[in-house]
Structure formats: structure tokens, C-alpha cells
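This report describes a structure in terms of its fold, its chain contact and its nonpolar core. Please keep the sequence and the three-dimensional view at hand while reading.

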Amino acid sequence: MSPNTAMTATAPTAETAARKTSSGAEPGPRRRTGRIRRIGLPYLLLLPALLLELLVHLVPMVIGIVMSFKELTQFHIRDWGTAPWAGLDNYKVSVDFDAPVGAALLHSFFVTLAFTVLSVGLCWILGTAAAIYLQDTFRGRGLLRALFLVPYALPVYAAVITWVFMFQHDNGLVNHVLHDQLGLTDKPSFWLIGDNSFVALLTVSVWKGWPFAFLIVMAGLQNIPRELYEAAALDGAGMIQQVRRITLPSLRPVNQVLVLVLFLWTFNDFNTPFVLFGRTAPEAADLISVHIYQASFVTWNFGTGSAMSVLLLLFLLVVTGVYLVLTSRRRRPSHA
Amino acid sequence: MPSSPRTATASPMAPPRSFLWSRRIFLTLLTGFVTVPVYVMVSSSLKPLPDVTGEFRWLPSEVTIRPYIDIWSTVPLARYFLNSLIVAGAATVCSVVIAVFSAYAVSRYTFRGRRVFTVTVLSTQMFPGILFLLPLFLIYVNLGNATGIALFGSRGGLILTYLTFSLPFSVWMLIGYFDSVPRDLDEAAMVDGCGPLGALFRVVVPAATPGIVAVAVYAFMTAWGEVLFASVMTNDTTRTLAVGLQGYSTLNDVYWNQIMAASLVVSVPVVAGFLLLQRYLVAGLTAGAVK
């Protein structure tokens, strides 16, 4: 093995650092010039990813921001560069909460916020509980683990369309069970229109989303040393104590990322409501993505739609920033 | 907690009864919640039409495979299937290759902008799809008008879009995974005369296969299931399953048995693939992202 090993590592790990001291070798000068000559290589390797991210994400985002300052309706869509500037008009319309457009956006925002908080919370609880319960080996564990991942593996439209069938008023399973078999409701309910649609959307979202939390927590649990539990059990800690004192604290870094990712995905979710309700969602389940889609493509008002998207992005940026600051501040003392 | 310290000491590995019961109840309820829609999908796909238009019934009045034959003629399902296969397959291959290169650069080199790159790529996950849907739609239309390369409405445009969707997560996960492959290995390969790319493909990639498989599964599932861009950026010939499947319900009759059969048919490849490879996904997450 080369004595130069330690020097080419970008961030020396404990292992390579130990090797360095034991071998006590200094980097050879020839090696160093080789590295300088290769300095372009990392950029070359990153180039495809960079170009694609630029084309599909960053440039469109900039254009989207520009569009939000333009008066962009169907008359200008073919040649959008010539659309007249609108200044802040699109934003004014979007946040004028006394007028119908702004009021509808605000309503949609609060619906999305409530939906996201509930969905992320439920997904996290179900996923964590299932992962902890499936930690010990018992008969049928592998089967359950595979079964629990099925909702996540199913394509969104296939899963959601099944739920659409189940939520049908006349021939759906949900009304059949609740009304015909259990007699819980006086008459069959409508699930995909009216106030119930929020519950329907939440159910589908949790059903589809919790296995992701399960998967991540399951992976996180495998990094907790078995000895910790054994030591705790010997000290007399019960199951609940072990979960509270060992499992949850050890999962904190995993949860920090998991909750953020779940929040962003759920808040931006378009697929579930779009397949569940179609182009126009019922008011009680009017998630922001579908709302903006409708404002843009159904009414062909791209300028206002873009302004709403920018506001949404700003909100998510602020939430993410605050979240990261708060969670990393809380983490630091525990590491010190 | 009713279990006394003594019982815990006596057998530290045997969980108390209350835990076993709570586990039994919780897992039973959860299994029910997960299974019912899957059961509805499977059983309804084997029902004759009157069974799914009238009141819901748990069991088919007669079991028929008729829906599985009819799905192919009611809508051009085979074409949608092929389109989805091409789009998702190509997006997966490209996404994985590009992610491998990027992750290798970030994992093995220190260079200016390294942190900016990872943060930027990851933060694209935050963008609401709707924000860049409209501009991307315009870019593709205008690029098409200017260069003659048809991106809008073509499979190529969709492939390009989808591969960037899975890219951030793939890069992020592979960085963690490559970090866990000892650098000594690629150093040894370089000493033996491999270039950096030789070391990547002969040493790092084979050692990181589980992570790469996991990333590929994720990329394929992402592309196979996407609805928003598919609904705007495809036309009759390039339509994918995500949009095509809704064709059964916009006709005068809603053939729920056929919808369920078609849903099942389009789900089987991804679900089977996912369940076969989920071991790798968990291993990849454990080694990479979750660390």
C-alpha cells in the first residue's frame, strides 16, 4: 500500500490519520503535481449534473421569477418576451386578501398547511412505531416489512385511483363499510366533494407516505449499536424507557432530515390531489400546487401563477431556514 | 411499565408481555390499513362489470379475467406502457451515471465550490414543481421553435425532466455511500496504474453496488409515477401511463374493473422490482443518507 494514502483523502478519517502517523511518510512531490494537473477533473465530473440542474431547475426558476413581474396571459404566451411588464401587480393581486383571488390563495395556503402538518405527523408516528415494532426478529417480520412498503412502491396514480374507487358514493368500499355494514352514517357520504374531501386526501396521503418514514427510520435504527439496548435492559430500563432514552435520541439526526423532506414533499404534493380530484380540487382540499396549476393552466394567467409560485418558494425557504437553524441549535449542546 | 427490573435482568432479550400485545394490536391494524386498498385493487380487477357499478361487494360474484383482456383495447395501454418504459428506463440510466460521476467528485476531491454544489443540488428538492413547470414548458416550446429539436411533447423532454428529479437524492445518497468505501481501495488501484476513472469503475462502483441499485430503483419509481409534467408535456403518441390510466374514467362508462386491472398491471413491475431490491435500498440508506 502506498505511504501517500493519507494525503489524497479529502477529509482524513481517524483510520487514515492513524495510518499517517504510523507510517510517518510525507507526500512525495511528484504526487502533488499530478493532483494539480487533475484539478479540472472534479469539475468535469460535475458538469453533466450541473448543466441539467441549470436547464431544468435553475434557469426555469429565474425565468419563473421574471414571469411573475409580467402580464402574461394567453395573448402573449407564444412570444412571452414581449409581454408587458406588470411591476408588482401580480403580487398585489395574489396577496390582496380582501379580493377573491388573494382570499382563495390564503385559504388554499392554510388548507395546505393543516394538511401538511397532519400528514407529516401521522406518517412519522406510523413509520417510527412500525420500525420500532419490527426491530426484533419474529415470525412473519420479513413479510410484514415487504407488505408495508407496497403503498410506497405503487405508482402514485395506481394507488390514488384505487382510493378514488373506494371513495365512490354509490359503489365504493368506504360507504359500504361505514353506512351499509356498520351503520355509522345516516346516509352514504360524499368523500371526493365537500368537507369530507380533506379527510379523504389526508387518508390517501398518509397511506402512501408513511412507508417512506418507515424505510428511513428502519435504516436509521440499524446504526444504533445493539449493546446500548442490552446495557439499558441490564440496568432495568423497560421498553418504553429504552425507546425514549436510546432510540429516539439516536434517531434525532435522521429525523431532522426526514421531517424536513416529508414536509417539503407533502407541501408541494401535486400528484395525490390531482389524481384524487382532477383539475379542480374541492375547496376543503384545495392544496396550493393544484391551486396554482389551476390559476395558471385553466385560466391561462401565467403571470399571477408565477407570482404565487414565487411566494410559495419564499415561504418554503423561510421555513427551511428557520427549521435548520432551530434544529442545529438544539443539536449542538447534546454533542458538546 | 409493569415489568420489574428483575424480569428484565433475567432475560434482557425477551420483551415484556405488554409490549408484545401492543405490537400485535398495532401491527394488525396497520396491516389492515395497508392491505384493504391492495385487496380492493386485486379483487375488483377480477370482477365482471355489474359487480363494480352496483353496491360494493367484498367478493366477486364470479371470477373473470375479462378485464385483463379488455384493458388493452379500451385505451392504447400497450403504447402508454412502452412510453413509460422508455422514459423511465432512459431517465434511470442517465440519472444513475450522472449521479455516480458527481458523487465521486464530491466524495473524493476537495475543490472550490464543493459545498455550493451539494447545497444547490439538494435545495432544488425544495422547489415546488409548479414553479418551474410553466417556465420549463416555455423553454421547451421555444427551444423547439429555435433549434428544431422537439422537446415539448417528446419523450426526450420528459426523460430530461425526470432524470433531474431523482438526481439530487441520488447524488446525496451516493456521496454518503462512496464515503463509506475506504479510500485505500481506490488509492491502491491508482498505484496499480488505474486513472481516477479506472478507480471509480473498477473499485468504487463495484464496492458501492447496493447503493447504486438503490438509487436506480428510486430513479425508476420517480419517473414511473410522475403525473404533473406527464400531464402537460406529452401528446397522444408520447402519453405515459400516469396520464393514460385516467383514460378509463373519462369515457361515458367508468370501467372500474378495468381500471383496477390496468393499475395492477402497471404496478407489478415496479412493486416487484422494489420488493426484490428493497434490501439494497435499506442498506444504501443505512450506509449513506441516514448516517
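How many helices and how many strands does chain B have? In this predicted model, chain B contains 15 helices and zero strands.

## Dimensions and packing of chain B

The radius of gyration of chain B is 24 Å, whereas a compact globule of 291 residues would have one near 19 Å. Along the principal axes, the C-alpha atoms of chain B occupy a box of roughly 80 × 70 × 35 Å.

Of the 291 residues in chain B, 48% are buried. When contacts in chain B between residues at least 6 apart in sequence are considered, 74% of them link residues at least 24 apart.

## Contact between chains A and B

Chain A contributes 87 residues to the contact, and chain B contributes 87 residues. On the side of chain A that touches chain B, the largest share comes from helix 4 (residues 41–67) of chain A, with 16 residues. That side of chain A comprises 58 nonpolar, 25 polar and four charged residues.

## The largest nonpolar core

The largest nonpolar core has 165 residues; those touching the most other members are A:Val160, A:Leu215, A:Leu276, B:Leu174 and B:Val215. Helix 5 (residues 77–108) of chain B gives the most to this core, namely 15 residues. The core lies between domain 1 (26–58) and domain 2 (68–335) of chain A, because both domains give residues to it.

Leaving aside residues up to four places away in sequence, A:Leu276 touches A:Val160, A:Trp163, A:Val164, A:Leu192, A:Ala200, A:Leu201 and A:Val204.

Definitions and conventions
Residues are numbered from 1 along each chain as its sequence is written. Chains are lettered from A and ligands numbered from 1 in the order in which they are written. This is a predicted model: local features need pLDDT of at least 70, side-chain atom pairs count only at pLDDT 80 or more; totals for chains, interfaces and linings use all residues. Helices (H or I, at least four residues) and strands (E, at least two) are DSSP runs, numbered from the N terminus. The radius of gyration is taken over C-alpha atoms; the globule rule is 2.2 Å times the number of residues to the power 0.38. A residue is buried if 20 or more other C-beta atoms lie within 10 Å of its own, exposed if 12 or fewer, and partly exposed in between; C-beta atoms are placed from the backbone. Two residues are in contact if their C-beta atoms, placed from the backbone, lie within 7 Å. Ala, Val, Leu, Ile, Met, Phe, Trp, Tyr, Cys and Pro count as nonpolar, Asp, Glu, Lys and Arg as charged, and the others, Gly among them, as polar. A nonpolar core is a set of buried Ala, Val, Leu, Ile, Met, Phe, Trp, Tyr and Cys residues joined through C-beta atoms within 7 Å. Domain bounds come from an automatic or database domain assignment.
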